Amino acid sequence: MIEVWEKLDCESVGAVEIEAIETAVESVFGRPAVDSPMRIARLLADEGAELRHSEIMELYLKRASDRPYDAVFVNLFDLHDLRAALRSIRQMENLRRKFGAESDREGLRLLRQKTIAEKETKLAISKKNKTDDHARLEAAEIAEWLTIWLQSPELFDNWIKLRSASSDFVSKFGSIEQR
């Protein structure tokens with residue numbers, strides 16, 4: 001980034017310069033390597049660049065408005081224990097219904113994609129030998145819940161009532177409150 005900035009040979013840095021740096025970084029390292037405009041600006045300021053703050057802020061805000069789903073998903077997944085996971089899945093179901101009612105295919109796609117990623121994380125935890133037995137069992141259970149919800153979200157609430165009342169579940173985890 002510094003190298004590109006130096007090649008631009010400019011007295012101050014604004015939106016045009018930030019975008020040129022982003023393009024150069026993306027062409028060499030790929031899109032995931034591109035930092036936010038604010039991080040690039042901070043790096044350049046640390047190297048002595050004079051910033052055109054208003055342009056950089058406008059670019060940042062424009063980019064933030066291009067991600068309308070970020071706020072929806074920011075605190076959706078709390079899977080640290082069974083009760084929290086159950087609350088999260090119920091919130092996910094409310095969101096799924098909202099997206100469905102609005103015919104929001106992108107929202108539905110993102111919800112499914114993020115849920116699959118969370119399920120994969122729980123499956124990985126359930127297979128780690130360094131994780132204690134209870135945590136592994138709980139992670140596997142939550143992964144199963146997410147699988148059921150992904151396959152049949154309309155049936156999940158009835159299924160979880162039956163599952164949490166089963167002797168297998170109670171012997172492993174005790175009871176969880178149904179709300």
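The model is predicted: local features need pLDDT of at least 70, side-chain atom pairs count only at pLDDT 80 or more, and totals for chains, interfaces and linings use all residues. Residues are numbered from 1 along each chain as its sequence is written, and side-chain values use heavy atoms, with hydrogens and water left out. The protein chain holds 10 helices and two strands. Its radius of gyration is 23 Å, whereas a compact globule of 179 residues would have one near 16 Å.

**Fold and overall shape**

- Helices (H or I, at least four residues) and strands (E, at least two) are DSSP runs, numbered from the N terminus.
- Read from the N terminus, the order of elements is α-β-α-α-β-α-α-α-α-α-α-α.
- The C-alpha trace spans about 70 × 45 × 25 Å along its principal axes.
- The radius of gyration is taken over C-alpha atoms, and the globule rule is 2.2 Å times the number of residues to the power 0.38.
- Contact means heavy atoms within 4.5 Å.
- Among contacts with a separation of 6 or more, 57% join residues 24 or more positions apart.

**Surface and charge**

- Buried means under 20% relative accessible area, exposed means over 50%, and partly exposed lies in between (1.4 Å probe, protein chains only).
- Of the 179 residues, 35% count as buried.
- The protein chain exposes about 11,200 Å², and carbon and sulfur atoms supply 51% of that area.
- Accessible areas come from the Shrake-Rupley method with a 1.4 Å probe; for residues, only the protein chains shown count as cover.
- There are 28 positive and 33 negative charges, and their mean positions are 9 Å apart.
- Lys and Arg count as positive and Asp and Glu as negative, while His and the chain ends are not counted.
- Each charge is placed at NZ of Lys, CZ of Arg, CG of Asp or CD of Glu.

**Nonpolar cores**

- A nonpolar core is a set of buried Ala, Val, Leu, Ile, Met, Phe, Trp, Tyr and Cys residues joined through side-chain atoms within 4.5 Å.
- In soluble globular proteins, nonpolar side chains tend to be buried together.
- The largest core has 25 residues; F73, M92, L111, W145 and F156 touch the most other members.
- At least two residues of this core come from each of α6 (82–101), α7 (105–126), α8 (133–151), α9 (156–165) and α10 (167–173).
- Helix α6 gives the largest share, seven residues.
- Beyond its neighbours within four places in sequence, M92 is in contact with L76, F77, L111, T115, L146 and W149.
- A second, separate core has 14 residues, including W5, V34, I40 and A41.

**Buried residues in helices and a strand**

- E93 sits in helix α6. This residue is buried, at a relative accessible area of 9%. Setting aside neighbours within four places in sequence, E93 is in contact with W149 and P153.
- R163 belongs to helix α9. It is buried too, with a relative accessible area of 13%. Its contacts, not counting residues up to four places away in sequence, are E141, E144, W145, D168, F169 and K172.
- S12 is part of strand β1 (residues 12–13). Its relative accessible area is 16%, so S12 is buried. Not counting residues up to four places away in sequence, S12 touches E17, E50 and R52.
- S12 and R52 are 40 residues apart along the chain, yet their C-alpha atoms are separated by 6.6 Å.

**Loop residues**

- D9 lies in the loop between α1 (2–8) and β1. It has a positive phi of about 50° although it is not a glycine. Its relative accessibility is 70%, so D9 counts as exposed.
- S103 is in the loop between α6 and α7. S103 also has a positive phi of about 50° without being a glycine. At a relative accessible area of 59%, S103 is exposed.
- T131 is found in the loop between α7 and α8. T131 is buried, with a relative accessible area of 17%. Apart from neighbours within four places in sequence, T131 is in contact with I125 and R136.
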